[in-house]
Amino acid sequence: MEVLTAELAATAWKLFQEVEQLGGMEAALNTGFPQKAVSETAAAKLSAVALRRDSIVGVNQYANPKEKPVEPRSQDVHAFYRRRIQQVASHRTGLEDAENAVVLDQLARLWKRRARPF
């Protein structure tokens, strides 16, 4: 168990360092780094399930052959993003400036005190 934990921590630390080298999380998001990493991981997991290297009971193991496949829903990605932008904007404009300052000060203090695990 300790070996797996150490491996997980080392991999996570490597990702944190890559984000820092890109100039922080905002810069990394602007370059698409986290999105690409998540997309690659999702594709690898789906491939492993499709090839039965990983099992999901009821999906690729012990599935009911009489069950009809579920039709995928079509999603309007642009509508989702517009709705999410409105939600975030309404939340941000609904807060008082004094509350914003308190939250930003707390985040700044936490950032300064952040511990480096390795």
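A: From the N terminus on, the elements of the protein chain run α-α-α-α-α, which comes to 5 helices and 0 strands; helices (H or I, at least four residues) and strands (E, at least two) are DSSP runs, numbered from the N terminus. Do keep in mind that this is a predicted model, where local features need pLDDT of at least 70, side-chain atom pairs count only at pLDDT 80 or more, and totals for chains, interfaces and linings use all residues. Residues are numbered from 1 along each chain as its sequence is written, and side-chain values use heavy atoms, with hydrogens and water left out.

Of the 118 residues of the protein chain, 8% count as buried (under 20% relative accessible area; exposed is over 50%, partly exposed in between, with a 1.4 Å probe and protein chains only). The chain exposes about 11000 Å², and carbon and sulfur atoms supply 60% of that area (Shrake-Rupley method, 1.4 Å probe).

Now to your patch: V77, F80, Y81 and I85 form it, with about 420 Å² of accessible area together. Such patches take residues with over 30% relative accessible area and no salt bridge, joining nonpolar side chains within 5 Å and like charges within 9 Å; a salt bridge is a side-chain nitrogen of Lys or Arg within 4 Å of a carboxyl oxygen of Asp or Glu.

I85 lies in helix α4 (residues 77-94) and counts as exposed because its relative accessible area is 59%. F80 counts as partly exposed because its relative accessibility is 43%.

A search of the whole structure finds 1 aromatic pair. F80 and Y81 form this edge-to-face pair, 5.5 Å centre to centre with 70° between the planes (Phe, Tyr and Trp rings, the six-membered one for Trp, pair if their centres lie within 6.5 Å; planes under 30 degrees apart are stacked, over 60 edge-to-face, the rest tilted).
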